[in-house]
Amino acid sequence: MLKKITLVSNNICYGPEPEIGSEVEQRLTVNAKGGVWFSGYTYNRDFGHFPVGRKVQKKIPSETAEKLLEDILHYFENNEAYFITDVGGYDLTLFFDDKTTEAISGPLLCENKELQKICDYARDTIGIDGMFMFDGN
């Protein structure tokens, strides 16, 4: 069973340089008990070493968290991640009860309706403004 996920989404791409202070990376951890930890990191021209711009820790209903984890697990069990250049990316780590982990990476671009529904559900239920998730929206 999936115990928690950690999603690192980075929206820096090969396009124009982000503005100093704009949020360029986010880390979201959700566990099956409803614990949510979110950090947003800002651009400062020191690539890979972004200062924390905001932090949120909150609790959502465990049923909501379990559904989100189940939907994410189901999606990635049945779909392969792919890569696209010139867009940001995500790194997802799945943590299971048996202490195993699985790492999945992909582009910060969502062309799949099922994954888009997961992003929308997470944004609606977690309630943190501006989460990049898997699509960068």
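Me: Hi! What order do the strands of the open sheet have?
Reply: In this predicted model, the open sheet has 6 strands in the order S4-S3-S2-S1-S5-S6, and their pairing is antiparallel.

Me: Which strands stand at the edges?
Reply: Those are S4 (52–59) and S6 (101–107). Each has a single partner strand, so one side of each is left without a neighbour in the sheet.

Me: And by how many degrees are neighbouring strands turned against each other?
Reply: On average by 10 degrees, with direction ignored.

Me: How many bridges join S1 to S5?
Reply: There are 8 bridges between S1, residues 2–10, and S5, residues 89–96, and the two run antiparallel. For one spot to look at, find Asn10: Gly89 in S5 stands opposite.

Me: New topic: how many residues does the largest nonpolar core have?
Reply: That core has 33 residues. Ile5, Ile72, Phe76, Leu92, Leu94, Ile126 and Phe134 have the most contacts inside it.

Me: Which elements give two or more residues to this core?
Reply: Strands S1, S2 (23–31), S3 (35–42) and S5 do, along with helices H1 (62–78) and H2 (113–126). H1 gives the largest share, 7 residues.

Me: What does Phe134 touch?
Reply: Leaving out residues up to four places away in sequence, its contacts include Leu7, Ile72, Phe76, Tyr90 and Leu92. Pro107, Leu108, Leu109 and Cys110 are also among them, as are Leu115, Ile118 and Cys119.

Me: Last one: which residues does the second core include?
Reply: Ile12, Val24, Tyr41 and Tyr43 are among the 5 residues of that separate core.

Methods. Residues are numbered from 1 along each chain as its sequence is written. This is a predicted model: local features need pLDDT of at least 70, side-chain atom pairs count only at pLDDT 80 or more; totals for chains, interfaces and linings use all residues. Side-chain values use heavy atoms; hydrogens and water are left out. Two strands pair if DSSP finds at least two bridges between them. Helices (H or I, at least four residues) and strands (E, at least two) are DSSP runs, numbered from the N terminus. Axes are lines fitted to C-alpha atoms, for helices over the stretch in contact, and angles run from 0 to 180 degrees between N-to-C directions. A nonpolar core is a set of buried Ala, Val, Leu, Ile, Met, Phe, Trp, Tyr and Cys residues joined through side-chain atoms within 4.5 Å. Buried means under 20% relative accessible area, exposed over 50%, partly exposed in between (1.4 Å probe, protein chains only). Contact means heavy atoms within 4.5 Å.
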